[in-house]
Amino acid sequence: MTLSSLSSSAMSNGMLVSKTGSFCPIKDPRALHQESMFSYPGLLSKHSVLSKSLSVSANPANQQLFSTIKPPSMEQTPKLLSMIERRCYSLGTAKQPSFSVGVKFQLDDVIEAQQFDRDILNAIFEVAREMERIEKNSPGSQILKGYLMATLFYEPSTRTRLSFESAMKRLGGEVLTTENAREFSSAAKGETLEDTIRTVEGYADIIVMRHFESGAARRAASTASIPVINAGDGPGQHPTQALLDVYTIEREIGKLDGITVGLVGDLANGRTVRSLAYLLAKYQDVKIYFVAPDVVKMKDDIKDYLTSKGVAWEESSDLMEVASKCDVVYQTRIQRERFSERVDLYEEARGKYIVDASVMKVLQKHAVIMHPLPRLDEITVDVDGDPRAAYFRQAKNGLYIRMALLKLLLLGW
Amino acid sequence: MTLSSLSSSAMSNGMLVSKTGSFCPIKDPRALHQESMFSYPGLLSKHSVLSKSLSVSANPANQQLFSTIKPPSMEQTPKLLSMIERRCYSLGTAKQPSFSVGVKFQLDDVIEAQQFDRDILNAIFEVAREMERIEKNSPGSQILKGYLMATLFYEPSTRTRLSFESAMKRLGGEVLTTENAREFSSAAKGETLEDTIRTVEGYADIIVMRHFESGAARRAASTASIPVINAGDGPGQHPTQALLDVYTIEREIGKLDGITVGLVGDLANGRTVRSLAYLLAKYQDVKIYFVAPDVVKMKDDIKDYLTSKGVAWEESSDLMEVASKCDVVYQTRIQRERFSERVDLYEEARGKYIVDASVMKVLQKHAVIMHPLPRLDEITVDVDGDPRAAYFRQAKNGLYIRMALLKLLLLGW
Amino acid sequence: MTLSSLSSSAMSNGMLVSKTGSFCPIKDPRALHQESMFSYPGLLSKHSVLSKSLSVSANPANQQLFSTIKPPSMEQTPKLLSMIERRCYSLGTAKQPSFSVGVKFQLDDVIEAQQFDRDILNAIFEVAREMERIEKNSPGSQILKGYLMATLFYEPSTRTRLSFESAMKRLGGEVLTTENAREFSSAAKGETLEDTIRTVEGYADIIVMRHFESGAARRAASTASIPVINAGDGPGQHPTQALLDVYTIEREIGKLDGITVGLVGDLANGRTVRSLAYLLAKYQDVKIYFVAPDVVKMKDDIKDYLTSKGVAWEESSDLMEVASKCDVVYQTRIQRERFSERVDLYEEARGKYIVDASVMKVLQKHAVIMHPLPRLDEITVDVDGDPRAAYFRQAKNGLYIRMALLKLLLLGW
């Protein structure tokens with residue numbers, strides 16, 4: 001990742017990303033001295049209210065260091081940041097991400113997988129790897145001590161909630177939990193989501209929201225003056241799942257460019273595989289196989305999108321052949337609720353593509369099996385002991401990704 | 001506030017207030033030395049068990065300082081406290097409320113709005129303002145570190161619960177949460193509230209209770225050896241809402257004497273407006289307007305009470321005229337559940353008095369709109385952007401009031 | 001307790017207890033130096049991953065101290081431990097249980113009352129008494145700071161949950177709560193308990209599980225790589241209740257050998273009294289009276305077990321006579337749900353044996369009344385004020401026992 005590409009992509013992407021920020025992981029007090037130049041009207045991050053005040057040296061010699069840099073205009077920003085970047089490198093600090101300096105990352109909210117480009121993904125993954133080291137040195141870190149996260153769940157999702165709450169607590173933060181957030185806006189009382197958010201933002205420093213309506217997370221984020229993370233909004237997005245999936249591939253395979261991925265199971269309804277396909281299109285030379293029962297095939301919008309991005313894809317009905325070629329076989333659950341009365345169709349679809357010992361036999365040595373969990377019998381239990389069964393490690397990676405996002409949203413890069 | 005009036009009112013009020021306490025915010029070790037005189041049998045606060053042991057100077061010179069003061073009898077207490085007060089002033093400490101000294105405030109429980117007189121209200125508000133400063137310097141304070149609050153909710157009230165839990169955690173305290181406390185005393189098992197309290201008081205340092213039965217909070221408080229805060233007991237009381245309402249008026253208008261308040265909406269059923277009217281009667285030269293649809297007019301008991309206290313009040317059906325005269329327009333939601341089958345009456349009542357742009361046009365520049373939330377459409381959304389729309393600030397003030405109460409009940413003044 | 005007997009019993013008991021561990025409460029750095037000898041393959045505690053790395057002196061002189069001790073084989077372990085024990089005593093540390101040294105106790109999971117022998121019970125009780133002192137010095141200890149406990153409750157049990165969560169937080173630990181864990185494995189999604197455990201163990205350091213199926217706790221424990229505590233598994237076990245009952249008897253009566261205990265009420269269905277009878281059989285010269293309505297008499301399996309262990313027992317229908325002879329009268333609730341349609345039988349059974357003022361009159365001065373709570377009217381409220389009414393102290397003891405278990409499982413002895 002180069003900092004200039006990160007900042008310019010943040011600029012072009014825009015909507016859900018603040019217009020600027022302080023990217024340079026500055027540890028040198030001389031550099032900190034210049035922090036004020038990021039804080040002029042119009043370029044303020046929405047979270048600047050949370051910024052810790054940084055003690056600044058009044059040494060005139062230090063002031064000279066950056067004396068040629070003037071407050072940037074909107075248009076100048078990418079260029080300026082490129083300048084800063086060079087300064088960072090010249091100060092020898094740019095390659096050392098700092099976890100103690102309270103400078104803001106440019107991330108304001110986490111709403112949908114599409115908001116992340118390749119550079120931001122890399123930056124998040126870099127922090128996630130740092131989080132792995134923190135978590136392994138349990139009993140925990142304290143970098144988020146005093147921060148409060150509200151888990152505002154309009155429908156229960158214990159797995160996702162516990163993962164976020166563990167992430168917050170592993171970093172020393174605290175949690176306000178509600179799994180019956182519907183009560184806030186019950187039919188009887190009829191409060192709007194916006195009013196609820198305005199109340200909750202008075203109690204917490206960050207909101208993690210699960211909602212039953214697509215688009216709810218975006219509405220919450222545009223209302224809130226504190227960061228909002230979308231923990232799933234109905235048929236819409238579940239961006240932290242998408243992030244942990246890509247992170248897991250990188251951790252397991254060691255790269256994202258040039259990989260071959262088989263997406264298996266319910267490809268029509270699974271938002272997981274749809275988001276994953278979308279994110280994989282950001283990488284070079286990716287090949288995707290779709291292996292799905294006829295009734296739940298991958299839809300055309302994703303296929304067209306992949307084609308437009310130059311991603312090679314192919315449909316197949318031969319799981320064994322696909323498994324023998326892939327770096328990653330991403331299995332998913334056939335969701336019974338999609339079949340309503342047609343139990344016969346469900347049973348037929350469900351039994352069609354099972355990852356079992358025979359699949360593992362043809363799977364390459366370096367390849368892995370992934371699954372977003374929970375699973376039924378689409379992966380047989382005897383596969384669990386195989387080191388290539390990556391799905392529980394994948395679930396654990398969700399912890400690191402969420403730790404990284406909480407750190408980035410509350411403390412910055 | 002003078003300390004003597006505080007103590008004498010505490011004396012006359014009595015029931016829910018401990019019989020004495022240490023009011024003098026003593027920081028001088030010479031003064032602390034005398035703490036023992038507050039701790040003789042019969043005058044012990046119920047929370048004295050929580051008192052931190054205070055290190056006491058054994059300097060004989062200091063002992064002489066208060067040598068003329070003998071352990072007070074019940075009747076002597078106000079006078080004694082007045083003496084102490086003078087000592088405090090002479091020590092130059094009486095105006096500096098201390099947040100580190102573990103001396104008990106005289107507050108044992110928070111059960112109903114009526115338990116607070118003007119001086120206690122002022123004392124609570126003073127601490128609440130201190131809490132505003134603490135919260136703004138997030139990530140949080142640690143004054144309640146190690147203390148445990150049990151939120152014992154017999155019916156869900158996410159808004160109130162989150163507010164209390166945020167308050168506790170903002171001060172470094174911890175929370176045990178239950179929103180299904182009915183399970184404790186389910187019909188099948190039939191445990192009494194008293195037995196439940198005796199169990200829970202073994203697990204926590206303070207209980208915040210929401211119950212569906214009027215009077216439940218008082219029963220809990222009389223059983224518990226730890227402080228109890230009433231977070232609403234059915235049609236009964238919700239004293240922390242009443243406190244935050246009065247606090248908000250003082251913060252927004254700058255005074256409580258001589259104000260004009262319009263209470264609008266469901267005045268028959270809303271316990272909020274009833275408690276607010278009750279508390280406003282404690283201040284001088286208050287004028288109250290009642291603006292309510294016919295079916296939900298303010299009841300005679302409150303009107304009679306106001307009259308007996310010399311508070312001027314008037315009923316009106318002209319919201320515009322009232323709005324033009326008031327410092328505070330307190331709007332409330334018409335509660336549909338009160339109309340059962342008569343949806344026609346509900347719809348008629350509901351649409352009658354709406355705070356919208358036209359009301360804001362006649363509202364004085366310094367005046368504010370308040371609302372206990374949640375709102376439906378009795379305040380239109382376009383009002384939200386007006387700086388005189390105080391209802392979200394009001395909700396936030398609930399946090400400060402609850403922080404103040406937790407601090408006062410657990411650590412004392 | 002001698003350490004050698006503790007270790008040898010751990011060996012013979014086996015199944016739920018790790019094969020070895022570090023028992024010596026070593027504070028001397030010379031002794032710590034030898035910790036590595038406990039960490040070779042095959043003797044690793046399942047929790048050794050959590051072990052804090054201990055800084056070890058490289059002083060060759062210290063290495064000589066234990067130079068004659070070689071890595072033990074399985075068979076040598078008891079003997080070795082006996083040797084270590086002597087060393088501990090010679091170092092003058094064996095009698096000082098240390099709460100700061102991260103050495104593991106041999107306890108891996110808490111699954112059923114039968115797993116504890118007399119020595120382990122004594123060890124747990126010793127730590128529980130230490131916990132009483134910690135809790136009394138509220139605001140809390142911090143020995144479990146940074147540790148995360150997941151309360152995975154497949155059925156709600158607010159009392160038990162709050163007790164565990166209070167225990168964890170009193171020691172500075174943090175909690176992830178779920179009371180709707182069934183959602184993890186809902187019929188629709190169909191995840192196995194094993195998969196759920198593999199996910200949750202990635203988020204927490206210890207799991208406290210309540211389940212509706214007998215045997216679920218054992219399955220969870222055999223899957224998890226982190227400690228599991230059974231907080232009740234259906235009609236199966238509730239071992240922490242059994243522990244707190246025995247602990248309470250010891251605290252109240254001062255001994256466990258030679259006591260006389262009356263078990264009263266629903267002896268057929270109450271797992272509490274069945275577990276208690278089982279544990280009492282581990283002590284010398286215990287006499288048990290069973291006082292139960294005909295329909296809910298103690299079953300033969302327990303009677304036979306007691307007989308086989310040489311415990312004297314007797315059935316009686318005269319509560320007054322039994323009460324006059326006992327050290328402990330353990331009253332239980334008649335569970336209505338066991339009688340289905342036969343309300344008449346329930347009412348008859350229920351009213352038969354009531355502990356009231358007349359029973360208290362014949363009860364010996366040193367004796368106590370116990371009850372697992374919640375109670376209905378099988379103990380009348382007027383008994384509560386009698387100092388021999390021990391049931392609320394008993395509930396409080398649950399806190400200490402759970403603090404002790406959390407400490408032992410996470411930090412070791």
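In this predicted model, chain A and chain B bury about 2,300 Å² between them, and carbon and sulfur atoms give 52% of that area. The contact involves 24 residues of chain A and 29 residues of chain B. Chain A is itself divided into domain 1, spanning 141-237, and domain 2, spanning 240-396, and the area buried between these two domains is about 490 Å².

**Contacts between chain A and chain B**

- Five salt bridges are counted between chain A and chain B, and among the charged pairs that meet in this way are the side chains of Arg198(A) and Asp384(B), with a nitrogen-to-oxygen distance of 3.7 Å.
- Between chain A and chain B there are 10 residue pairs in polar contact, counted where both residues have a pLDDT of 80 or more.

**The side of chain A that touches chain B**

- At least two residues each are supplied to this side by strand S2 (174-178) and by helix H7 (193-200) of chain A, and the largest share, five residues, comes from S2(A).
- Sorted by class, the side of chain A that touches chain B consists of nine nonpolar, seven polar and eight charged residues.

**Contacts between the domains of chain A**

- The centres of domain 1 and domain 2 of chain A, taken over C-alpha atoms, are separated by 29 Å, and 10 residues of domain 1 are in contact with five residues of domain 2.
- Of the area buried between domain 1 and domain 2 of chain A, carbon and sulfur atoms give 41%.
- In domain 1 of chain A, the residues that lose the most area to domain 2 are Arg159(A), Phe164(A) and Gln237(A), which together account for 53% of what that side buries.

**The side of domain 1 that touches domain 2**

- Helix H6 (158-170) and strand S4 (228-233) of chain A are the elements that give two or more residues to the side of domain 1 that touches domain 2, and S4(A) gives the most, with four residues.
- By class, the side of domain 1 of chain A that touches domain 2 has two nonpolar, five polar and three charged residues.

Definitions and conventions:
Residues are numbered from 1 along each chain as its sequence is written. Chains are lettered from A and ligands numbered from 1 in the order in which they are written. This is a predicted model: local features need pLDDT of at least 70, side-chain atom pairs count only at pLDDT 80 or more; totals for chains, interfaces and linings use all residues. Side-chain values use heavy atoms; hydrogens and water are left out. Contact means heavy atoms within 4.5 Å. Buried area is the accessible area (1.4 Å probe) that two parts lose on being put together, summed over both. A salt bridge is a side-chain nitrogen of Lys or Arg within 4 Å of a carboxyl oxygen of Asp or Glu. A polar contact is a pair of N or O atoms within 3.5 Å; within protein, one must be able to donate a hydrogen and the other to accept it, and residues adjacent in sequence count only if both atoms are side-chain atoms. Ala, Val, Leu, Ile, Met, Phe, Trp, Tyr, Cys and Pro count as nonpolar, Asp, Glu, Lys and Arg as charged, and the others, Gly among them, as polar. Domain bounds come from an automatic or database domain assignment.
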